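Hi,

I am handing a structure over to you today, and I hope you enjoy looking through it. Please open it beside this email, and then we can go through what was found.

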Amino acid sequence: MIKNDSVDIDKSELVIRDANEDDIHSLMALVQELASHEGEEITVQPAALQHALTSGKAPELQFIIAELAGEPIGFAMCYPGFDLGSGAHGMHLGDIVVRDEYRRQGIGKMLLSTAAQRTLKLGGEWMSFTVLHNNDSAERFYRNLNAVAVEVNFYAFGMTQLSELATLE
């Protein structure tokens with residue numbers, strides 16, 4: 001048993017599995033918890049998550065669930081990528097979250113390990129992710145697993161900018 005302030009966990013009862021359509025509401029709750037932790041507001045709707053899981057438009061998108069006693073308590077979302085510089089395939093880790101009461105018990109490591117296994121199985125040679133500047137606990141988590149910080153400037157186009165960009169000639 002691993003003891004946490006509010007929860008006793010028997011890791012032999014922890015299941016790591018692929019998410020399915022029945023997990024939409026649990027995924028939404030976990031996404032809300034992640035957004036709250038990051039101080040962000042979410043706009044994703046359950047239908048969008050269901051579409052991502054079941055439409056076949058992004059079959060490479062993977063949601064990996066950590067489940068305890070039938071209850072999803074964490075997930076990792078990842079998708080494959082390709083790096084032109086190295087000519088190597090890899091995986092982008094979009095998000096990883098574990099419910100607060102289950103943190104610091106190895107569940108995040110198990111989710112990350114599963115993502116790493118899948119990356120290697122697909123012939124990938126790297127896994128990348130971003131960490132918000134103010135997320136010190138995530139920084140520690142990844143550094144303790146020997147992740148290497150890569151100095152880059154991360155930019156994004158939102159819907160307005162994307163629409164404007166699409167009309168350029």
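Phe141 is partly exposed, with a relative accessible area of 24%, while Tyr142, at 7%, is buried. (Buried means under 20% relative accessible area, exposed means over 50%, and partly exposed is in between, using a 1.4 Å probe and protein chains only.) Together with Phe129, these two residues make up a cluster linked by ring pairs.

Before you go further, please note that this is a predicted model, where local features need a pLDDT of at least 70, side-chain atom pairs count only at pLDDT 80 or more, and totals for chains, interfaces and linings use all residues. Residues are numbered from 1 along each chain as its sequence is written, and side-chain values use heavy atoms, leaving out hydrogens and water.

How confident is the predictor? The average pLDDT of the protein (confidence in each residue, from 0 to 100) is 88, and 94% of the residues score at least 70. (Helices, H or I with at least four residues, and strands, E with at least two, are DSSP runs numbered from the N terminus.)

Back to the rings: how many aromatic pairs are there in the whole structure? The search finds three. (Rings of Phe, Tyr and Trp, the last by its six-membered ring, pair if their centres lie within 6.5 Å; planes under 30 degrees apart are stacked, over 60 edge-to-face, and the rest tilted.) One of them joins Phe63 and Phe75 in a tilted arrangement, 5.9 Å centre to centre with 45° between the planes. Phe63 sits in strand β4 (residues 62–68) and Phe75 in strand β5 (residues 71–83), so this pair ties together parts that are twelve residues apart in sequence. Phe63 is buried at 7%, and Phe75 is buried at 2%. Another pair is Phe141 with Tyr142, which is edge-to-face: 5.0 Å centre to centre and 70° between the planes.

Next, the sheet. Five strands form an open sheet in the order β3-β4-β5-β6-β7, with mixed pairing. (Two strands pair if DSSP finds at least two bridges between them.) Its edge strands, β3 (14–18) and β7 (126–129), each pair on one side only. Strands β4 and β5 run antiparallel and are joined by seven bridges; Ala66 has Gly74 in β5 as its bridge partner.

What about the nonpolar core? (A core is a set of buried Ala, Val, Leu, Ile, Met, Phe, Trp, Tyr and Cys residues joined through side-chain atoms within 4.5 Å.) The largest one has 20 residues, and Leu111 is among those with the most contacts inside it, as are Ile73 and Tyr102. At least two residues of this core come from each of β4, β5, β6, α3 and α4 (136–144). Beyond its neighbours within four places in sequence, Leu111 is in contact (heavy atoms within 4.5 Å) with residues including Ile16, Ile64, Phe75 and Val98. A second, separate core of 13 residues includes Ala19, Leu27, Ile65 and Val97.

Lastly, look at two loop residues. Arg104, between β6 and α3, has a positive phi of about 60° although it is not a glycine, and it is exposed at 73%. Asn146, between α4 and α5 (159–166), is not a glycine either, yet its phi is positive at about 70°; Asn146 is exposed at 65%.

Best wishes

Methods
pLDDT = per-residue confidence, 0-100.
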